[in-house]
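Hi everyone, thanks for coming. Have a look at the model on the screen, and then I'll walk you through a few of its helices.

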Amino acid sequence: MGIIQSIKEQGMNKLQVISDFDMTLSRFGCNGRRCPTSHNILDNSRVVSEDGKKELKDLLHYYYPIEIDPERTLEEKCPLMVEWWSRAHDLLAQQKILKGDIAQIVSESDVMLRDGFNELFDQLHKYSVPLFIFSAGVGDILEEIIRQANVFHPNVNVVSNYMDFDDNGVLKCFKGPLIHTYNKNHTVLQGTEYFQQLSTRTSIILLGDSMGDLTMADGVPSVENILKIGFLNDKVEERRGKYLDAYDIVLESDETLDVVNGILRYVLTET
Ligand SMILES: Nc1ccn([C@@H]2O[C@H](COP(=O)(O)O)[C@@H](O)[C@H]2O)c(=O)n1
């Protein structure tokens, strides 16, 4: 039997959705221009100095090609990703960013959620299906994005990199453990108990845009069905083979959540 059919037969009470955020729930591009990641929203904002912006852009131009390079191994990439995230977080921590400015920074940014986000969040909420957002982005920023989009429903849980502010609301550092593209697995979830509480939710729909997102469900105690849907946004030709091997469904240059919503509609409606 196919995975989608098995998930439907198990029923909505057994289902949970685990999703990446940047470039999976948010758009990769619009009208030929790149949309920002949660990190980029901060990097490009008015609260970062011109020198800071340049240094953050230099880091992006150096490390992003490494992140998506299909020829490099995970072992090669991991220490370099730690280096990128740590250097970027240190730079951001020097900018005296105020907690009270986050909402405006987000509302002034070019971030866009994928078309169909309302249906996705609202369907999952309506049927009380837990949505776990597991992100190597900036938690405070992505939470604000979904709050401003009016879809931060009670069934949504987020694990990400959160900012640590001092008593005056000034950013001093980022809280640990550091989450980067290639350590999104049980090792950074210790102490959260999230998946243990959902141990009866043994059907999973996993949404990601990188090879690192494939391990996001590793902490789920007893997976019975898992449907992995991958958004292939960049270096499409070079990475297609690896994505097709790893994901059950690969969506190329698709800025919508239409396929995901169609599957959920099928799974969640009784026939
Ligand atoms: N300083 C940084 C570090 C990372 N990024 C990008 O953000 C993405 C966040 O990861 P998700 O797991 O939430 O997709 C990642 O893919 C990096 O390209 C950044 O923009 N700036």
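This is a predicted model: local features need pLDDT of at least 70, side-chain atom pairs count only at pLDDT 80 or more; totals for chains, interfaces and linings use all residues.

Helix α1 and helix α10 are oblique to each other, because their axes cross at roughly 40 degrees and oblique is what remains once angles under 35 degrees count as roughly parallel, over 145 as roughly antiparallel and 65 to 115 as roughly perpendicular. The axes, which are lines fitted to C-alpha atoms over the stretch in contact, with angles from 0 to 180 degrees between N-to-C directions, come within 8 Å. α1 covers residues 3-10. Helices here are DSSP runs of H or I with at least four residues, strands are E runs of at least two, and both are numbered from the N terminus.

Who meets whom? I4, I7 and K8 in α1 meet I263, Y266 and V267 in α10, where contact asks for C-beta atoms, placed from the backbone, within 7 Å. Those residues divide into five nonpolar, no polar and one charged.

Residues are numbered from 1 along each chain as its sequence is written.

Back to α10, residues 258-268, which also pairs with α6, residues 117-126. Their axes come within 10 Å and cross at roughly 25 degrees, so α6 and α10 are roughly parallel. On the α6 side, E119, L120 and Q123 meet V260, N261, L264 and L268 of α10. This contact has four nonpolar, two polar and one charged residue.

Now, α7. How many of its 10 residues are buried? Eight are, buried meaning that 20 or more other C-beta atoms, placed from the backbone, lie within 10 Å of a residue's own. Just after α7, N150 takes a positive phi of about 60 degrees.

Zooming out, the chain has 10 helices and 10 strands. Buried residues make up 40% of its 271 residues. Of the contacts between residues at least 6 apart in sequence, 68% join residues at least 24 apart.

Happy to take questions!

Key:
Two residues are in contact if their C-beta atoms, placed from the backbone, lie within 7 Å. Ala, Val, Leu, Ile, Met, Phe, Trp, Tyr, Cys and Pro count as nonpolar, Asp, Glu, Lys and Arg as charged, and the others, Gly among them, as polar. A residue is buried if 20 or more other C-beta atoms lie within 10 Å of its own, exposed if 12 or fewer, and partly exposed in between; C-beta atoms are placed from the backbone.
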